[in-house]
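Subject: Structure handover

Hello,

Here is the structure for you to look over. Please open it alongside this message.

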Amino acid sequence: QVQLQESGPGLVKASQTLSLTCTVSGGSITTSEYYWSWIRQPPGKGLEWMGVIAYEGSNSYSPSFKSRASISRDTSKNQFSLQLRSVTPEDTAVYYCIRGGPHVEYDYWGQGTQVTVSS
């Protein structure tokens, strides 16, 4: 059973960088053909796909986040991370890490972590 767990600060000040880490257990992030995404849900809004890191380390980002987001990984810890620069209160959301990506089923989700950006 694959499990994902988000971690990181729940409160970030505007203009700073939001940093979240997803720890994966029960499966390796380097296993062929698996993709690992970050998705968020602002209050009262739908899910927003932010970007993905593939099993071989390549990235792809939503155009909405491409200029501010970076997704990286630490294979020794079986973790992947999100950094979102220059945050504003509009970046307040529940952030989820997920196994899956564009055109690939989202089959395992973390529980989500609330991040609030203060002005």
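Predicted model: local features only at pLDDT ≥ 70, side-chain atom pairs only at ≥ 80, totals over all residues.

Residues are numbered from 1 along each chain as its sequence is written, and side-chain values use heavy atoms, with hydrogens and water left out.

**The chain**

The chain has eleven strands and zero helices. Strands (E, at least two residues) and helices (H or I, at least four) are DSSP runs, numbered from the N terminus. The C-alpha trace spans about 40 × 25 × 25 Å along its principal axes. Of the 119 residues, 39% count as buried. Buried means under 20% relative accessible area, exposed over 50%, and partly exposed in between (1.4 Å probe, protein chains only).

Four strands make an open sheet, in the order 1-3-8-7, with antiparallel pairing. Strand 1 and strand 7 (69–74) are at the edges with a single partner strand each, so one side of each has no neighbour in the sheet. The twist averages 20° from one strand to the next. Angles run from 0 to 180 degrees between N-to-C directions, and axes are lines fitted to C-alpha atoms.

Two strands pair if DSSP finds at least two bridges between them. Strand 1 pairs with strand 3 (residues 18–25) over five bridges. There, Gln5 has Thr23 as its bridge partner. Strand 7 pairs with strand 8 (residues 79–84) over six bridges. Ala69 stands opposite Leu84 of strand 8.

In a regular strand, side chains alternate between the two faces of the sheet. In strand 1 (residues 3–7), Leu4 and Glu6 are on the covered face. Gln3, Gln5 and Ser7 are on the uncovered one.

**Arg40**

Arg40 is in strand 4 (residues 35–41). Is Arg40 buried or exposed? Arg40 counts as buried, because its relative accessibility is 5%. Its side chain makes a polar contact of 2.8 Å with the side chain of Asp91. Another, of 3.0 Å, joins the side chains of Arg40 and Tyr95. A polar contact is a pair of N or O atoms within 3.5 Å; within protein, one must be able to donate a hydrogen and the other to accept it, and residues adjacent in sequence count only if both atoms are side-chain atoms.

Best wishes
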